[in-house]
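Hi,

Here is the structure I said I would pass on. Have a look, and my notes follow below.

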Amino acid sequence: MRHLLSIADLDRPAIERILDRAKTFTEVSEREIKKVPALRGRRVLNLFYEASTRTRSSFELAAKSLSADVINFASSGSSVEKGESLKDTVQTMSAYRPDLIVIRSPHVGAAQLVAGWTPASVVNAGDGKHEHPTQALLDVYTLRERLGALDGASIWIVGDVLHSRVARSNIMAFTKLGAKVTVCGPPTLIPRAMETLGCEVEYTLDRLPEADVVYALRMQKERMTDSFVPSIREYAAQYQINGRRLGARQVLMHPGPVNRGVELSAEVIDSPQAVIGQQVAAGVVVRMAVLYELLAGRSAPQPAVTPAPVSA
Ligand code: NCD
């Protein structure tokens with residue numbers, strides 16, 4: 001495997017191999033010296049064109065825990081603000097000969113494009129509302145830890161499915177591992193033909209008690225061009241996961257960042273059913289496993305044939 005652009009790139013055995021490897025890395029995170037030399041001398045470039053707390057910090061920690069060197073690039077404060085394009089930026093940064101580029105972009109298909117412009121391996125850390133494969137892997141990892149296996153589990157994904165790259169990647173990953181997925185939200189926030197992804201669709205929470213796992217999503221206001229719900233208050237009244245709606249045996253997940261009081265009430269965030277903190281912790285070991293999968297045993301890429309442009 002050279003790149004990780006989509007969950008579609010992985011079959012069930014490949015997902016399980018990454019998760020098993022991630023599990024072996026938990027031992028590293030528990031040591032006093034949280035570092036192994038597996039990727040010593042390799043270069044990882046974090047290229048983030050969108051806000052990120054968890055994803056960027058965990059990729060950095062994952063790379064450093066494997067002894068790789070990391071360059072963090074955020075579009076704000078860079079020459080992107082002077083008008084440099086994504087392609088020119090990637091080619092400029094390729095002059096540093098990174099072995100792997102982690103890219104987050106507001107544009108669908110950006111990671112795929114980057115993969116065509118660099119000899120490095122590319123990991124998609126979120127491209128617009130399209131995909132976020134490492135989030136799906138860490139969520140599957142967290143659930144395996146909690147449930148043992150996903151086979152036969154009923155997972156409800158509730159909220160703004162329309163604008164969510166997490167929903168798309170997670171539906172694919174959960175179903176590949178044998179779970180039954182239902183998406184739920186207001187009709188304006190559920191894409192048409194959602195069933196083609198292999199999930200069921202509900203527009204009310206009436207059947208939520210049937211779920212083993214409740215996965216709540218944030219309203220992705222930054223991707224909304226219209227008003228999709230009458231008001232946040234009305235949305236919360238119908239779709240908020242709160243103490244009244246969440247059953248004692250149900251597992252609660254959220255990719256973060258949470259808008260407290262909108263998709264989740266404060267009481268459920270801090271409840272024993274919530275595994276939100278475990279998801280964040282899993283982000284490090286799962287991303288270590290992804291970096292290892294793509295880089296260990298692979299020789300360093302040759303420099304690009306195209307000469308790098310002079311940056312502004
Ligand atoms: C998500 C994202 O950026 O896609 N967050 C994350 O990576 N943990 C979800 C979100 O922003 O709501």
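Strands S5 (residues 154–158) and S6 (residues 180–184) run parallel and pair over 5 bridges. A quick word on terms: strands (E, at least two residues) and helices (H or I, at least four) are DSSP runs numbered from the N terminus, and two strands count as paired if DSSP finds at least two bridges between them. Within that pair, tryptophan 156 has threonine 182 in S6 as its bridge partner.

Before I go on, the caveats. This is a predicted model, where local features need pLDDT of at least 70 and side-chain atom pairs count only at pLDDT 80 or more, while totals for chains, interfaces and linings use all residues. Residues are numbered from 1 along each chain as its sequence is written, and side-chain values use heavy atoms, with hydrogens and water left out.

Back to the sheet. S5 and S6 belong to an open sheet of 5 strands, with parallel pairing and the order S7-S6-S5-S8-S9. Strands S7 (200–202) and S9 (251–253) each have a single partner strand, so one side of each has no neighbour in the sheet. On average, neighbouring strands here are turned by 25° against each other, direction ignored. For angles, axes are lines fitted to C-alpha atoms (for helices, over the stretch in contact), and values run from 0 to 180 degrees between N-to-C directions. Helix H6 (residues 165–176) lies across S5, S6 and strand S8 (213–216), at about 175° to S5; contact means heavy atoms within 4.5 Å.

There is a second open sheet, this one of 4 strands in the order S2-S1-S3-S4, again with parallel pairing. Its edge strands are S2 (69–74) and S4 (121–127), each pairing on one side only. S3 (residues 100–105) pairs with S4 in the parallel sense over 5 bridges, and isoleucine 101 has valine 122 in S4 as its bridge partner. Helix H9 (residues 276–295) lies across strand S1 (43–48), S3 and S4, running at about 145° to S4.

How does the chain divide up? The domain assignment (bounds come from an automatic or database assignment) gives domain 1 as 7–132 + 282–295 and domain 2 as 134–278. Their C-alpha centres lie 25 Å apart, and 32 residues of domain 1 are in contact with 28 residues of domain 2.

Which residues surround the ligand? Thr55, Arg104, His132, Gln135, Arg165, Val166, Arg218, Gln220, Pro255, Gly256 and Pro257 do, counting a residue if one of its heavy atoms lies within 4 Å. For polar contacts (pairs of N or O atoms within 3.5 Å; within protein, one must be able to donate a hydrogen and the other to accept it, and residues adjacent in sequence count only if both atoms are side-chain atoms), here is what I have:

- Arginine 104: a polar side-chain atom 3.0 Å from a ligand oxygen atom.
- Glutamine 220: a polar side-chain atom 2.8 Å from a ligand oxygen atom.
- Glycine 256: a polar backbone atom 2.9 Å from a ligand nitrogen atom.

The protein covers 93% of the 320 Å² of accessible area that the ligand has on its own (Shrake-Rupley method, 1.4 Å probe; for residues, only the protein chains shown count as cover).

Two backbone details to finish. Glycine 256 is joined to proline 257 by a cis peptide bond, with omega about -5°, and proline 257 lies in the loop between S9 and helix H8 (266–269). Arginine 97, in the loop between helix H3 (86–94) and S3, has a positive phi of about 55° although it is not a glycine.

Cheers
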